[in-house]
Amino acid sequence: MKYTFVKEKKILFFVVLVIFFCEFLFAFSKEELSDNIKHIKTIPQISDRIKGTEKQSLLFIGNSLIGEAIDTSILRSILSKNNRYKSFAIERIVPDGTGLLDWYFILKNFFVMPNKIPDMVIIGFAWKNSLSDQYPINQVRLADFACKMIDLPELSDFGLNSIEGKTEFIVAKISSIYSNRSIIRNRLLSNLIPYYQTVTQSMNEDSNLNLHSNNKNDLIFSYNRFQRLLSILRENDICALFVAMPIIDNYEIDEEIEKMIYRSGMLLVDCRFTPELSTEMFKDKMHLNEKGRVKFSRYLAKQIKDTNKIQ
């Protein structure tokens, strides 16, 4: 019996050792898995550049909707045209598939808490339900890069109440392999199955559209999470510009969202119907192509200038 117990301890120790070794190796190689991970890894550097610059800083936050829609060189050129003696530091944090809670915790943990405050934050969003409390919480993604372990109580306030959800958050916070398991799987399968990546991207797009297909007028949304985002912006004197992004299918902006933004002293720019932007300038139902990016960037730059919030 004693021999069996010692043997089991050795096996357990070996398993734990292998897990730690795999986590160690993955920590140094995960950037090679996707450009999105590479981008996420640059967030601390972006935060440091915001802190260190003497230029007026504009920070774009969102997902691929605004990430693929803006050309920073066009924005910088237009914004500086009438500000001959003023230059701009324009940074982007636009990880794929992220939402309101990701953006809130990115701002909180990488900019507000370490006191690296940008002059203006520009947040791109789309769909009626994306800023609501009813939008699903992705605790694994939040644990991977946006949240700290001490953020778990606040996540509970935001709706992460189940034991399973909290446990998954903790596991994902401890294990980078677990939090990135879908990326690892997709990378392996894309090397084994022809056109797997193309099919997966199409399925993800359909899934994303289905997630927002419940934007019916009779549904009532609450916005406690969004109010907390507005509060942290206001408390830290951050000027925020919310941009309703153009997509192929039209969507409504909840009047309550508009009221909350203006009551907080923030700004809303409705770019859903950007002039001269046609369906041919979209590469899919959500993302602009190169021509669309140029048109949108020029239009958005003008809207930013017209806010009179940049010097």
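Reply: A residue is called buried when its relative accessible area is under 20%, exposed when that area is over 50%, and partly exposed in between. F105 has a relative accessible area of 0%, so F105 is buried. Y104 is at 1% relative accessibility and therefore also counts as buried.

Before going further, note that this is a predicted model. The mean pLDDT of the chain is 86, and 80% of the residues reach 70 or more. Confidence is highest in helix α6 (residues 100–112), at a mean of 98, and lowest in helix α12 (residues 196–211), at a mean of 61. Where pLDDT is low, the predicted coordinates should not be read in detail.

Now to the rings. The structure holds four aromatic pairs. One of them is made by Y104 and F105, whose ring centres are 4.9 Å apart and whose planes are at 75 degrees, an edge-to-face arrangement. The planes count as edge-to-face because the angle is over 60 degrees. Y104 and F105 also belong to one aromatic cluster together with F158.

Another of the pairs is F226 with F242, again edge-to-face, with 5.3 Å between centres and 70 degrees between planes. F226 lies in helix α13 (residues 224–235) and F242 in strand β4 (residues 239–244), so this pair ties together parts that are 16 residues apart in sequence.

The charged end of R181 sits over the ring of Y178, 4.1 Å from the ring centre. R272 lies over the face of Y251, at 5.8 Å from the ring centre. This second case still counts because the cut-off for the distance is 6 Å.

R225 forms a salt bridge with D133, with the closest N and O atoms 4.0 Å apart.

E154 and R228 are linked with K108, D151 and E235 in a network of salt bridges.

W127 has a positive phi of about 75 degrees, although W127 is not a glycine. At 10% relative accessibility, W127 counts as buried. K128 is in this loop too, and pairs with E252, which is in the loop between β4 and α14 (255–263), 124 residues apart. Their side chains meet in a salt bridge of 3.9 Å, N to O. K128 is buried, with a relative accessible area of 10%, whereas E252 counts as partly exposed at 42%. N115 is another non-glycine residue with a positive phi, of about 55 degrees. N115 is in the loop between α6 and β3 (120–125), and counts as partly exposed at 47% relative accessibility.

Six of its eight residues are buried, so helix α7 is largely enclosed by the rest of the structure. The buried residues are Q139, V140, L142, A143, F145 and A146.

The surface gives a contrast. M149, I170 and I174 form a nonpolar patch there, with about 280 Å² of accessible area together. I174 lies in helix α9 (residues 163–174). With a relative accessible area of 63%, I174 is exposed, while F105, at 0%, is buried.

Conventions
Residues are numbered from 1 along each chain as its sequence is written. Side-chain values use heavy atoms; hydrogens and water are left out. Patches are made of residues with over 30% relative accessible area and no salt bridge: like charges are joined within 9 Å, nonpolar side chains (Val, Leu, Ile, Met, Phe, Trp, Tyr) within 5 Å. Accessible areas come from the Shrake-Rupley method with a 1.4 Å probe; for residues, only the protein chains shown count as cover. Helices (H or I, at least four residues) and strands (E, at least two) are DSSP runs, numbered from the N terminus. Buried means under 20% relative accessible area, exposed over 50%, partly exposed in between (1.4 Å probe, protein chains only). Rings of Phe, Tyr and Trp (its six-membered ring) pair if their centres lie within 6.5 Å; planes under 30 degrees apart count as stacked, over 60 as edge-to-face and the rest as tilted. A charge sits over a ring if NZ of Lys or CZ of Arg is within 6 Å of the ring centre and within 35 degrees of the ring normal. pLDDT is the predictor's confidence in each residue, from 0 to 100.
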